[in-house]
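Here is a short report on one structure. Read it with the sequence and the 3D view side by side.

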Amino acid sequence: MRYTTLGKTGYQVSALGFGLMRLPDNQGGMRRDLPADPVKTRELVAKAFELGINYFDTAYPYHQQTSETVLGMALEDLGIRKDCVIATKLPSATMKEPERWESIFAEQLRKLRTDHVDVYLVHNLNRVRWADFCRNGGLDFLTRIKRQGRARAIGFSLHDETDVFCTVLDGYDWDVCQIQFNYLDIKLQAGLAGYEYAAAKGIPVISMETLKGGMLACPPPAAVQAVWDDPSLPRRSPAEWAMRWVLDHAGIAVALSGMGCDSELIANAACAEHAPGSLSKQELTAIDKARQIYQSMYRIQCTGCAYCMPCPQGVTIPYLFRLYNNYKLFNETHWAKIQYGQALVNGMAFPSCVGCGQCARQCPQGLAIPELLRDIHEELRQLLPS
């Protein structure tokens, strides 16, 4: 495991961070819109720490507001709180409700079983939320809790265009920032230009969606696999190629990954020693080629963050988008037919949608979700028996 100093905070943090948005749920599955399983989470946290991971990223809404709780329980039970860096987030839904900030922050400290948060991020900012947060005294709130020592470092996560990212980055004396960053999305949201802007200012970048919601860890299309199979290249899994590309950037302090089982922890940790600038020109060219192939095939730019959930009508939006993307990218006709048929029977697909628009308003990617659900339905229902 490689470690680096997190900017001016002085924290020594692992290059690989554990994102606690994709934990085992309390019903034996991996659904992010269900409460997390505390026992299985403790086992994962213990394994992560054993592998050298000391940076744990959670947030107020994750797993129906249970992610912070299960992390706090695990760290306390294992006796490793003092050896770890906890990052959590002020929910963006409260940008217009400053009277709630203090009570929410106090609740987060209780859940995490700590008297301070190491890294406190304003969650999921965009152009409108940033304006609201500033207008309502948000920066004064951040300054106050940092001065009190209850938040040792202050940052933000953002899902918006590069110009908005740069505006936010220039708007406060931030300790860290967190952006979506992977080899496919170099022009999406803050992207590569935003990363370079932060790096030039000396502000450490935390990468989220490092594996694009797990998509870059899946068996790739044949054309992409052919790139990785070039005998002149090192033998690596698709996930390792993706992880090493992110870690190759010197301005990335921590690469987050939402890992829900031991095998994912072990695989990602195995390449977390990667030193920035280590990829060869040939390796970078191969990654560029893989990107071009993927982008020619990818249909819906959903990362599976589940901010659109829960749907009031029970439509499983990220699941349907993942099903459709896998169908298109990996030609999974058989599974698409079975799984979409089950979603229809269970009332979890487009016919249940009433067009309320709640999902689209909360989507960090700005997707027109009801329209996309309709298009998916029109295509996938053709696979089903009449």
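Start at Glu209, which lies in the loop between β9 and α9. Helices (H or I, at least four residues) and strands (E, at least two) are DSSP runs, numbered from the N terminus. Glu209 is not a glycine, yet its phi is positive, about 55°. The residue is buried, with a relative accessible area of 9%. Buried means under 20% relative accessible area, exposed over 50%, and partly exposed in between, with a 1.4 Å probe and protein chains only.

This is a predicted model: local features need pLDDT of at least 70, side-chain atom pairs count only at pLDDT 80 or more, and totals for chains, interfaces and linings use all residues. Residues are numbered from 1 along each chain as its sequence is written, and side-chain values use heavy atoms, leaving out hydrogens and water.

Asn124 also has a positive phi, near 55°, and is a residue other than glycine. Its place is in strand β6. Asn124 is buried, with a relative accessible area of 4%. A cis peptide bond joins Met309 and Pro310, with omega about 0°. Pro310 lies in the loop between α12 and α13 (317-330). For background, most residues other than glycine have a negative phi, and most peptide bonds are trans.

## The barrel

How many strands close into a barrel, and in what order? There are 8, in the order β3-β4-β5-β6-β7-β8-β9-β10, and the pairing is parallel. The twist averages 25° from one strand to the next. Two strands pair if DSSP finds at least two bridges between them. Strands of a sheet pair through backbone hydrogen bonds, either parallel or antiparallel.

Take β7 and its partners. β6 and β7 run parallel and are joined by 6 bridges. Val119 has Ala153 as its bridge partner in β7. Another 4 bridges join β7 to β8, again running parallel. Ser157 stands opposite Gln178 in β8. Of the 8 residues of β7, 7 are buried, so β7 is largely enclosed by the rest of the structure.

Now move to β9 (residues 205-208) and β10 (residues 252-258). These strands run parallel, joined by 3 bridges. Helix α7 (residues 162-169) packs on the sheet, where it touches β6 (117-125), β7 (151-158) and β8 (176-180). The direction of α7 makes about 160° with that of β7. Contact means heavy atoms within 4.5 Å. Axes are lines fitted to C-alpha atoms, for helices over the stretch in contact, and angles run from 0 to 180 degrees between N-to-C directions.

## Two buried strand residues

Lys89 is found in strand β5 (residues 85-90). Is Lys89 buried or exposed? Lys89 is buried, with a relative accessible area of 0%. Its side chain makes a polar contact of 2.8 Å with the side chain of Asp57. A polar contact is a pair of N or O atoms within 3.5 Å; within protein, one must be able to donate a hydrogen and the other to accept it, and residues adjacent in sequence count only if both atoms are side-chain atoms. Not counting residues up to four places away in sequence, Lys89 touches several others, including Tyr62, Gln108, His123, Ser157 and Gln178.

Val205 lies in strand β9. Val205 is buried, with a relative accessible area of 0%. In β10, its bridge partner is Ile252. Beyond four places away in sequence, Val205 touches residues that include Cys177, Ile179, Tyr195 and Ala198. Asp175 is 30 residues apart from Val205 along the chain, and their C-alpha atoms are separated by 9.5 Å.

## Helix packing

Helix α5 (residues 127-135) and helix α6 (residues 138-147) pack at an angle of about 70°, with their axes 5 Å apart. That makes α5 roughly perpendicular to α6. Angles under 35 degrees count as roughly parallel, over 145 as roughly antiparallel, 65 to 115 as roughly perpendicular and the rest as oblique. Trp130, Phe133 and Cys134 of α5 meet Gly138, Leu139 and Leu142 of α6. The residues of this contact divide into 5 nonpolar, 1 polar and no charged. Ala, Val, Leu, Ile, Met, Phe, Trp, Tyr, Cys and Pro count as nonpolar, Asp, Glu, Lys and Arg as charged, and the others, Gly among them, as polar.

In helix α10 (residues 238-247), 10 of the 10 residues are buried, so α10 is largely enclosed by the rest of the structure. Among them are Glu240, Trp241, Arg244 and Trp245. The buried residues of α10 pack against β3 (16-19), β9, α9 (222-228), β10, α11 (262-269) and α12 (281-297).
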